[in-house]
Amino acid sequence: MKHFLRMLFQVCLYFYCKFLWRCLKFVMRKLTGRCELQRICYSTKPGASRTMKIETSLRDSKSKLLQTSVSVHPDAIEKTIEDIMELKKINPDINPQLGISLQACLLQIVGYRNLVADVEKLRREPYDSDDPQHEEMLLKLWKFLKPNTPLESRISKQWCEIGFQGDDPKTDFRGMGLLGLYNLQYFAERDAAAAQQVLSDSLHPKCSKFSKAEWEKKRMDKAIGYSFAIVGINITDLAYNLLVSGALKTHFYNIAPEAPTLSHFQQTFCYLMHEFHKFWIEEDPTDIMEFNRVREKFRKRIIKQLRNPDMALCPHFAASEGLINM
């Protein structure tokens, strides 16, 4: 009975707040002569703060046109904005900036939804050793990470040298599908020096860039390494979940001038790999069994950073050069 009454109270509170919010919006429009979309665009700086407020306003609107505007095709955005302006009785000649601001926000909102779909498609596609394109990507990964060491054969224990679990990496991609391979290859190709350094450190953690004094200070004389490729697939899972949950909206809405793309997602993965590597060394785990604890602590730190509406995770990270609009 208590549970039922609690639920009833929460439902009543929800509808009361919703009604109160609509009344407040009506009063604000009468006082300012502007609709909520205008007030947001004119009072909030560009970036995640503005785009997320616009997204919430559109999604929670009682108008079907506004509700569906967050999921239109990119080619229909311009027409959608014209329809919104007409619905809100806003003269585009008197308010030209509103249309420009709404277009920028909708490009990001729609682009984020499409990015989630693209990433999900890659995640669901399994690695196929009979597909020449898949095999080519895998062999390129070896070449980028071990440029001076030829791979003796496709099935080889050498794969363990870059962090796979056995002599055929295809079995390690089951969880994240092609997405894991796409991300690893992107990191190894686009930021080769950093990827090779992280790989080397993961195999020989005590030989990393930390000085001897720093090692002694941190008591890392028995530093534990990790499997580079397996961790890369795991960090792909982390990036994927941050994307699907919407946590990465803050980051993408601050760095992508228009629609965030797969390249934006991949350079974010590169950043997370780099940061996790530093975090792992700083945590100095006693053995590899502590991986889940370290990963969870790292995840919470990233999520905390992303709660800042001004946050851009990697505005100056090497793999993201040319993609950032800061």
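Visitor: Which residues does L184 touch, leaving out those up to four places away in sequence?
Guide: This is a predicted model, and in it L184 touches L141, F173, F228, A229, G232, I233 and F269.

Visitor: How far apart are the C-alpha atoms of L184 and F228?
Guide: They're separated by 9.5 Å, with the two residues 44 apart along the chain.

Visitor: OK, switching to the core. How many residues are in the largest nonpolar one?
Guide: It has 82, and I54, F187 and L242 have the most contacts inside it. Domain 1 (18–123) and domain 2 (128–307) both contribute residues, so this core lies between them.

Visitor: What does I54 touch, again skipping residues up to four places away?
Guide: I54 touches L37, I40, C41, L102, C105 and I109.

Visitor: Now the helices: at what angle do α11 and α14 cross?
Guide: Roughly 35°, and the axes of α11 (residues 228–245) and α14 (residues 291–306) come within 12 Å. The crossing is right-handed.

Visitor: Which residues meet there?
Guide: From α11 you have V231, N234, D237, L238 and L242, and they meet F291, R295, F298, R299, I302, I303 and L306 from α14. By type, that contact has eight nonpolar residues, one polar and three charged.

Technical notes:
Residues numbered from 1 in each chain as written. Predicted model: local features only at pLDDT ≥ 70, side-chain atom pairs only at ≥ 80, totals over all residues. Heavy atoms only, no water. Core = buried A, V, L, I, M, F, W, Y, C linked by side-chain atoms within 4.5 Å. Buried < 20%, exposed > 50% of the residue type's maximum accessible area, 1.4 Å probe, protein only. Domains from an automatic or database assignment. Contact = heavy atoms within 4.5 Å. Axes fitted to C-alpha atoms, helices over the stretch in contact; angles between N-to-C directions. Helix = DSSP H or I, 4+ residues; strand = E, 2+ residues; numbered from the N terminus. Left-handed = near helix turned anticlockwise from the far one by under 90°. Nonpolar A, V, L, I, M, F, W, Y, C, P; charged D, E, K, R; others polar.
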